[in-house]
Amino acid sequence: MQTYLRGRDFIGDLDFSKEEVETVLDVAFDLKRKRALGEPHPYLRDKVLAMLFFFSSTRTRGSFEAGMAQLGGHAAFIESRTTQIAHGDTPKEIGEIFGRYFDGIAIRHVDWGTGNWYLNEVAKASRVPVLNMQCDIYHPFQCLADLMTIVEKKGRDLRRKRMVVSWAYAASYQKPMSVPQSLVLQMPRFGLDVILAHPPEFKLMPEIMDMAREQARKYGVGFEVMDDMDAAFKDADIIYAKSWGAMVHTPDAEEGARIIKKYESWITDERRMALAKPDAIYMHPLPADRNIEVTDGVMDGPQSVVYDQAENRLHVQKAVMALTM
Ligand code: CP
């Protein structure tokens, strides 16, 4: 157990070592138990978290805000459009100034090519931890919640379990690729064989792929890439299928939207789920384009664990806040 996390930022999934992530999980399970028993756990009494959002949210906002209150502190919800950022406040000024008001700065900024840079610029100037509520590259708290959920459903020994991280069709907008990128980085460390499936135009960032291959080599697990959703689903233990945009292939959003339309058949439906193991679980971070990305039957069916994933956001975020702030 590696417990010295006080003052640390959590921006990329690999910012915490495997042992540190194990500590986060241990604390998260303890906090989940305490909440179930109604045991108070005010580890952050009088502490305040700034939550700076450049993009909308349901789960992230709700779980960070509830989590801070349950830890005895407070979370300040700040939408970028209500600040003076558009009128000149720089990330350095946000880091310097919010670092003096708050005990932690959580940021969601998913703009392609900007989000991760912004978080790191704030972190450089901040005297308090900067926590990534999702950027263009990583969604590390979602990934921790997913890992906690997988441990709950499949046990701590995940060796030789097949996890499919698949692209899925969605018509709404070009979604960030931060969720699949976080998954391919974090999950190999916990023994899962990862199968990444996507049409050719939906590649992840090359540097993330290199890091994911390195993690797989280091932890002695498989890491395959396929362009066939059916083949990927075969005999899988965990299906994690969601949409993301073609930003690596083209920076042109209109061209990206045209490309997405070619792959309407990439839906998670009952036929595809039947290709996986009978006890396979279905995962999605939400929100989903229902009956486009995934059928209602799968989303609301017995293999779906999406609400446990959403709940576990609360517990892992409380654990990281209690350990870092
Ligand atoms: N999964 C997730 O991050 O949900 P929100 O976008 O609603 O926060």
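This is a predicted model: local features need pLDDT of at least 70, side-chain atom pairs count only at pLDDT 80 or more; totals for chains, interfaces and linings use all residues.

The points below treat the domain interface, then one loop, and then backbone geometry.

The chain is assigned two domains: domain 1 comprises 13-139 + 312-324, and domain 2 comprises 141-309. Their centres, taken over C-alpha atoms, lie 24 Å apart. To the contact, domain 1 contributes 32 residues and domain 2 contributes 34 residues.

**Interface between the domains**

- The size of an interface is often expressed as the accessible area that is lost when the parts come together.
- Between domain 1 and domain 2, about 2,900 Å² is buried, and carbon and sulfur atoms give 66% of that area.
- Two salt bridges are found across the interface of domain 1 and domain 2.
- R156 and D26 form a salt bridge in which the closest N and O atoms are 3.4 Å apart.
- Polar contacts across the interface of domain 1 and domain 2 amount to 18 residue pairs, with both residues at pLDDT 80 or more.
- On the side of domain 1 that touches domain 2, the elements giving two or more residues are α1 (18-37), α2 (59-70), β4 (130-135) and α12 (306-324).
- Of the elements on that side of domain 1, α1 gives the most, with nine residues.
- By class, the residues of the side of domain 1 that touches domain 2 are 17 nonpolar, seven polar and eight charged.

**The loop between β9 and α11**

- H284 is placed in the loop between β9 (281-283) and α11 (296-299).
- H284 counts as buried because its relative accessibility is 0%, below the 20% cut-off.
- The side chain of H284 comes to 2.8 Å from the backbone nitrogen of L286.
- The side chains of H284 and E293 are joined by a polar contact of 2.9 Å.
- With neighbours within four places in sequence left aside, the residues in contact with H284 are Y240, A241, K242, E293, V306 and Q309.
- L286 belongs to the loop between β9 and α11 and, at 18% relative accessibility, counts as buried.
- P287 is likewise found in the loop between β9 and α11.

**Backbone geometry**

- Most residues other than glycine have a negative phi, and most peptide bonds are trans.
- L286, which is not a glycine, has a positive phi of about 65 degrees.
- The peptide bond from L286 to P287 is cis, with omega near 5 degrees.
- D46, a residue other than glycine, has a positive phi near 70 degrees.
- D46 is found in the loop between α1 and β1 (48-53).
- D46 is exposed, because its relative accessible area is 69%, over the 50% cut-off.

Notes
Residues are numbered from 1 along each chain as its sequence is written. Side-chain values use heavy atoms; hydrogens and water are left out. Helices (H or I, at least four residues) and strands (E, at least two) are DSSP runs, numbered from the N terminus. Buried means under 20% relative accessible area, exposed over 50%, partly exposed in between (1.4 Å probe, protein chains only). A polar contact is a pair of N or O atoms within 3.5 Å; within protein, one must be able to donate a hydrogen and the other to accept it, and residues adjacent in sequence count only if both atoms are side-chain atoms. Contact means heavy atoms within 4.5 Å. Domain bounds come from an automatic or database domain assignment. Buried area is the accessible area (1.4 Å probe) that two parts lose on being put together, summed over both. A salt bridge is a side-chain nitrogen of Lys or Arg within 4 Å of a carboxyl oxygen of Asp or Glu. Ala, Val, Leu, Ile, Met, Phe, Trp, Tyr, Cys and Pro count as nonpolar, Asp, Glu, Lys and Arg as charged, and the others, Gly among them, as polar.
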